[in-house]
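The structure is shown first, and the description follows.

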Amino acid sequence: MLTFILLTFFFIFPPNDWFYKWNKKFKLDLIWTNKGGILILLGLLTFFLFGLTDENFKLIALKPDNVPIVGLIFLVAFFTWLSMKQATENDKRIDNNEKVNEYHDPDDKVLTWPDLVYIELIALVLCTVLLVVWSIALPAPLEQPANPTLSPNPSKAPWYFLGLQEMLVYFDPWIAGVLFPTLMLIGLMAIPYLDTNKEGVGYYSFKQRKMAVSFFMFGWLVLWVLLIVIGTFLRGPNWNFFGPFEYWDIHKLEPLTNINLSDYIYIIWFRSGLPENILLREIGGFILILGYFLILPPLFAKTMLKKLYQKLGNFRYSVFIILILFAMSLPIKMYLRWLFNLKYIIAIPEYFFNI
Amino acid sequence: MIEKKENIQERLYNISNLNIWFAISSVIFFAVLIWSFVDDYSRSWKDYQRDFRKLQIEKTNEEFEKATILFEGTAEYKDIQKRLSDFKELYNQKSEEITRAEEELLKKDAILYRVQQEFNFSKANYDALKYKYEEAVTHHLSEANELEEKLEKIHTGMLGDQLVLETAQDDYDEQSALVKQFSKEINETKEEKGKLTKQATLIERKLINLDPVHMDFSNRIGNVIRDLPFIDFLSPYYKVEQIVVNDITDNVNFTRVPKVDRCMTCHKGILDQEFESDTQPFKAHPRLDLYLSSTSPHPVEEFGCTSCHGGRGRGTDFISTVHMPSSPEQEKEWEEKYDWHQLHHWDIPMLPAQYIEASCFKCHSSETSIKNADKLNLGLNLMERTGCFGCHKIEKYKDRDKIGPNLGKLASKVTKDWAYNWISDPKSFRHNTWMPRFFNQPNNNDAESQKRSKQEIHSIVYYLFEHSTDFKMDSRPLEGDIQKGEILVSSLGCFGCHRIESDPSQGKTTIETLRRDHGPNLIGIGSKTTPDWVYTWLKDPQKYSASTKMPNLRLTDGEAADITAYLSRLTKEDFLEKKVSSLDETIVDNIVLDFLKKMNSDKDARIKRAKMNLGEKLDFNGKKLIRMYGCFGCHDIPGFENDKPIGTELTFEGSKLVEKLDFGFIEIPHSREAWFTQKLEEPRIFDQGKVKLPDEKLRMPNFEFTEIEIEAIVTALIGFVKAEIPEAKKPARNDRNLAIEEGEKLIRIYNCLGCHTIDGKGGAIRSTIATWLGDIAGSSSAEDAGLVQSFSPPILDTEGRKVQPEWLFDFLKHPSMIRPNIQVRMPSFMMISDEDWNKIIKYFQVKDGQTLVYEDSHQVSKFTSSFRAGERLQELGECNKCHFYGTTFPTQSAETWAPNLALVKERLRPEWVSAWLNDPQEFIKGTKMPAPSIPTAEEVKDPYVLEFVGEDVAALAGNRDVLINGLTDYLYTITGKTDISQEVRDYFNENGYNFLKDEEFEGTGDEWDDVDW
C-alpha cells in the first residue's frame, strides 16, 4: 500500500511539468471535484463500515484511544480535498485570466463584530458541545497502576509521536529521535526563506506553487499522517506489523534477522571476511552516503530541478535539497530494510555510529 | 428604514441567521451540560442504596408491626388505653377548676419573684454594711458604734424580708402541688404505657429516619432535598460508604497506599444478621461470627474486605470492582445482567467464591491446620502428600524430607521388569499411588515419542540398578501363618497409615482419607518385592532406609514372619505379565547424541558416543534423564545428592501476573485459577500445537488428580501470595502459638492423627478397628462405638494436663503397655530426635496451659482423714474390678481391663487425676471409666448409708473435692510392678481373646492362643 501511495503520490501532487503531464493525461485532477470528493468519502466509509463487521478491526478502530485517529483520517482527507478543490478551481480561473475566487476589493472590509467574533463564538460553543459529548460517550480509560515489571504490549507513544516511533524501527535513536526531529523544526523554520514565491497568497492555487505544495504534502501526508495511522492501527504487540483485519496475537513472530551493508559487500559479494579496519570495513557505506548527499544535489540541479536551482541560487538550493534528501531517506531506508534486510548502511557499533 | 438596509448590506452574514444559529447552539450546549450533570449524578450504587432502603423500610415496618402486635391485643394495654381516655375525660370535666388553679399559680409566682427581689436587695445592703463595720472595728474608727446600730437595724429588716419570702415560697409550693395533682396520675399511666411499647418506639424512631411515610412534613422535604445534585455534598442520605485500613496497604508498584474499601456502598446489609437470607448485594456475610462484626477475630474496620476477597476496593460499580464469577453459568448470567467483562487493569481480581479460603494463607501460613478452611487445608495436605515441593521450591515446605522411597538399594527390593513397568504406568500397579505418570502423556504419546520413551525408561532403570548398593536381608526364621498375619495387620495399627484396598472407587478425598494414605496402599506388594525384603523391612525399617517415616512396631520374629506371609500373598499377577519392550540401541544412541550435543559440537558428540559401550550409554542417558525429569525431587538417588529442584518456585505463585503464564494455544479464561486448574488436570497440555524437541517439552508428570483435589490444590496455590501484612494483623507469634505450630507440624509429618484423636480430628484407624472387632467378635461389637473406642488408640485431648512430662518423654522413646487389653501398638519412632520429642511434649503442655517442665512428685500423708476416706472410697468403688494393682489382676474379665494403677504415681498429674475422677466423661467422651460415687451430706444422714460408707467418708461427706482429693492421694500410694506386659501376655497366651466373642460367633478366637505377645 505504501508503495502504491509513494508511486502515485507525485502524479497526484505533481511537483514539475513532467509529472503534471501525466497527471493531466490520467485526469487525476478530477479527484478535486465534488464527484471526486464524494467518491473519496464513500470509499473511506465503505472501508470502515465493511471493516467494522470484522471483530479484530472493530476492537482496534473503536478503542477510545483510537477514535481520534479515525476522525483524523476523515478530516485530513476532507481538508486536503477541500483545499485542492479550491486550488484547482483557482488554477482554471487564472488560466482564463479571471480573478481567483477569494479575490476581494482591498477597500471592501467587514466589521470584526459581528462578522468575525460572532461566528467564532458560535464555533466555540459547538466545539465545547462536541468535547463534552465526547467525554461522556467515550470516558477516558482508567488503566492499572504503572508496573515497572509489566510494560504494556504494545507500548505506544502518544498518537502525535507515532511517526517518530515508527522511524525508530529503521534508524538508530540518535537519528530518529534527535537528528530528524531537529531537521523537521529547522525545515519548517526555513520554509519562508526557501519559498519566496509571492504568488498564491491569500488563496489556494496549485499551479502557481506546484513544488511547494507537493513537497509539503509529501512530508505531511506520507511522512507524518500516514505513519501515525500505521502506528495506531497496524502496529500490534511487540511492534509487529498486523494487517487491518488480523488478530493481535501476542505470540506472533516475524523474522527480524538483518545484516549490514558491509556484510553484503565483503561476505556475500567478495566472499572474504570483514576487514579489521573500521573505515575500510564501512567504506561502502560512506561512499553511498556521501554520494547521496554530494552527488545527487548537483545532479538534480543539472537535470530535474534546473529551474529551481536557477531561481534559488547556490545556498538556498543546497539547504532545500539537503532537507528533501533527508526526508526521502526514510522511505528509502524502509525499502532497503524490506527488500534486502539491510540493517545499517554504515555500522560502527564501536562508536555508536550507525546509519 | 434606509439606514437599516445599509447596515445589513455592510455585513457579510445575515445577523438574524447568526442569531438563530447562536440560539440553537446555546440550547444544545445547555442540554449537553445538563446531560453531563445527569451522567455524573446517576451512579449504579445509588440505585442499589435506594433498593436497599426500600428493603430496609419493608423489614423495619414488618418488625414494627410485630412489636406492635406484641402489646396491642393484651388486656394490660387495653386497660392503660382506657385509663388514659378516662383521664382525658376527667380532665375535660375539671378544666375550669384547673384553669383557675393555674391562674392562681401564676399570680403567686409573680409575688414570689417580687419578694425574692426585695430580700436580695436587703441582703446585699446588709453584707456591704457588714464589711464597713468590720473595717471600722479593725482600724478603731470612731463611726464603729454608729455603724453597729445601723447594722442591727438592717439585719432586723432583712430577717423580716426573709420571713415574707419563706411564706410566699410555701404559698407557691402549695399551689403548684395542687396543679400538679391533676396531671400526676396521667403521667404515671403514660410512663406505664411507654414501658410496654418501648421496643416498638425504638423501631419507630428508626423508621422516622428511614421511611418518608413516618416522617413529619419538614423532614420529608429535607429527605428529598439532601440528595439533590449540587447540594448532595452536605449531608446526603445516599453516599459512598468506605472503610480505610491504614496498616494494610495496596501495592501500586511505586508506593503503597492504605486500603480503601467501598464495598459496603452496595453491600449494605453485609454486617446485619437480619439480612442473612436476602439476595445479593444486600445479603449479610455468611460467617459474621468469624468476619466483619466487631466481636469477630476479623473486624471489618481492621481488615477491610479486599484484603481477603481481592478485587478493587475503591471501585463503586459491578465491573470496576472486578467481581469474578465462580462458574461459567454465573459468568453468562452476569454478562446478561450486568454486561460483565473482566476489568484487566487490576492485578488482583476478586477471588471466585470457591477459592476464597486461599486468602487465609496470607496470615496463617505457618499453621498446619487452619481453622474453618477445610478446602485450603486439604490443598496444603495434598501438596505435602504429593511432594510438590520436591520439584517446586515452596517456602512453607523447605527442609522437608523427600516423599518417595529411597532408591539407593533398589536392586534388593524389586526386579528390573517391575521397575520398568512401574515407571511407565504406576497406576496400573496401584490405583491410588502418589507416583505420577511421566510417559504416554499428550505431549509424548505420538508413535515416535513412545518409542523414545521406552528406551528412556530402560535407561533410567539401568542407572538405578547400576548404582544400587547391596542390602543384606535377614532370613526368616519360619514360614509365617497367613491368617495370623492378616489379623496382626488389621489389629496392630498398620491401618493408621496404610490401606489394603484394591477397589479404585475410593470416594471423596478428605484430610482424614489422606491420613490413611500416609504409607502406600499395600495391594500387590507380593508381586513387587520378595518375602525376605518385607520381613527385613518390618523388623527394622530404618535398616533399609534411614529417612523413612515408617516406625518400628517392635515385632517379634514370629509376628514379622506371619505378617510377611500375609502380605506376600497380596499379589497382582497381571502387572507381572506386562511385556517389557526390548532395548533398541539405535534410539538409545539418538538419545545419547541429543544429550551430548548440548555441550559438544556434532562431531565431538559422535566421537564421544562411539567410545561408549551400551552399558555406558544407558548409564549416561539414565543420569541425564533422571536430572531432566527431576526424579530426585521425591526419591533419594545416588549421584543426585546436591541437585536443585527442577520446577518453578511456587512460594509466591499466587501473586504471579497472569501475563507471565503461558497459555499456549489453549483457549481457557485468562486467569490464574483457570491456568492452574488446567495445568493440574493435564500438566503437559500447554505444549499442544507447539513444535518442540524432546528435551524442550513440558516435564510435569500427571498425578491424575480428581476434580475435588484440583480445586483444593488450586485454592492453596492462589493463596501463595506475596503480601506485606503488618505483624499486628497476623496471629501473634508468641511462645504458645509457636509451640502449637511446631507440634502440629510434627504431628502432621509423623501422621500421629492416623491413630490418635486430638480436638475431634484424626483417628482414621477407627473404622478398621471396628472391622477387626467385627471379624473376631461379631458385627454387634463393630457397631458398639464405646467398645471400638476402648480398643482404639487413645484420644490425646488434655494429654498435657494428664501426664508428667518426664514420663511422657520416656514413654515416647520406649513405648510400654498402658491399656492391657488392646492390640493396637504404639510404635517406636526411632527417627524422631529428642529435640522433636520435646517439641511434641511442649505442644501438649502449652495446649493445656501447662508451663512447668519440672514438677515435684505428689506428696501424700497417709494419716489424714481425707486419705483414709479415699482409701475407703476406692474399696467402695471397686476399682480393682477393672484396674490392675501392680501384678494383681482385675476381678472382671479382660474386656473391661483398665490401666495398671501402680503406674499412676509416675505417670499422671494429681490435678488431672482429681478432675478426671470428678467427671471422666468430660475429658474423654464415651470412656468406660465410671465416675466414683461420692456420698453427699444428705445421703449420709441415712444410718444405713452411714454404716456402708464408714466414718471417715461420712465425716467429710458433702465435701466432694476433699473426698476426691483423698481418693487421688490414695491412688498415688498404690505400689507394685509398673510394667506388667509380660504377665498380660502370658494371660492372653493362655486364654486368648475369647472374652470378646459373641456366643453365636465362633472360630477365630482359638487362633489367638499361640499369638506370640
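## Domains of chain A

In this predicted model, the centres of domain 1 of chain A and domain 2 of chain A, taken over C-alpha atoms, are separated by 29 Å. The domain assignment gives domain 1 of chain A as 1-102 + 201-254 and domain 2 of chain A as 255-355. Where the two touch, 7 residues come from domain 1 of chain A and 8 residues from domain 2 of chain A.

On the domain 1 side of this contact, helix α10 (residues 210-234) of chain A gives the most, with 4 residues. By class, that side of domain 1 of chain A has 4 nonpolar, 2 polar and 1 charged residues.

## Contact between the chains

The contact between the two chains takes 24 residues from chain B and 22 residues from chain A. The side of chain B that touches chain A has, by class, 15 nonpolar, 5 polar and 4 charged residues.

## A hairpin in chain B

Strand β1 (residues 243-251) of chain B and strand β2 (residues 256-261) of chain B run antiparallel and are joined by 6 bridges. The two strands, β1(B) and β2(B), form a hairpin with 4 residues between them, and B:Asn253 in the turn has a positive phi of about 75 degrees. B:Asn251 stands opposite B:Arg256 in β2(B).

## Two helix pairs in chain B

Helix α4 (residues 75-93) of chain B and helix α6 (residues 144-196) of chain B have axes that come within 10 Å and cross at roughly 150 degrees. Because angles over 145 degrees count as roughly antiparallel, α4(B) and α6(B) are roughly antiparallel to each other, and α4(B) passes α6(B) in a left-handed crossing. Residues of α4(B), including B:Tyr77, B:Ile80, B:Leu84 and B:Phe87, meet residues of α6(B), among them B:Ile186, B:Thr189 and B:Leu196. By class, this contact of α4(B) with α6(B) has 6 nonpolar, 1 polar and 5 charged residues.

Helix α27 (residues 672-681) of chain B packs with helix α28 (residues 707-719) of chain B at an angle of about 130 degrees, their axes being 10 Å apart. The pair α27(B) and α28(B) is therefore oblique, and the crossing of α27(B) and α28(B) is right-handed. From α27(B), residues including B:Phe676, B:Thr677 and B:Leu680 meet B:Ile710, B:Ile713, B:Val714, B:Leu717 and B:Ile718 in α28(B). The contact of α27(B) with α28(B) has, by class, 7 nonpolar, 1 polar and 3 charged residues.

Technical notes: Residues are numbered from 1 along each chain as its sequence is written. Chains are lettered from A and ligands numbered from 1 in the order in which they are written. This is a predicted model: local features need pLDDT of at least 70, side-chain atom pairs count only at pLDDT 80 or more; totals for chains, interfaces and linings use all residues. Domain bounds come from an automatic or database domain assignment. Ala, Val, Leu, Ile, Met, Phe, Trp, Tyr, Cys and Pro count as nonpolar, Asp, Glu, Lys and Arg as charged, and the others, Gly among them, as polar. Two strands pair if DSSP finds at least two bridges between them. Axes are lines fitted to C-alpha atoms, for helices over the stretch in contact, and angles run from 0 to 180 degrees between N-to-C directions. Angles under 35 degrees count as roughly parallel, over 145 as roughly antiparallel, 65 to 115 as roughly perpendicular and the rest as oblique. A crossing is left-handed if the near helix is turned anticlockwise from the far one by less than a right angle, and right-handed if clockwise.
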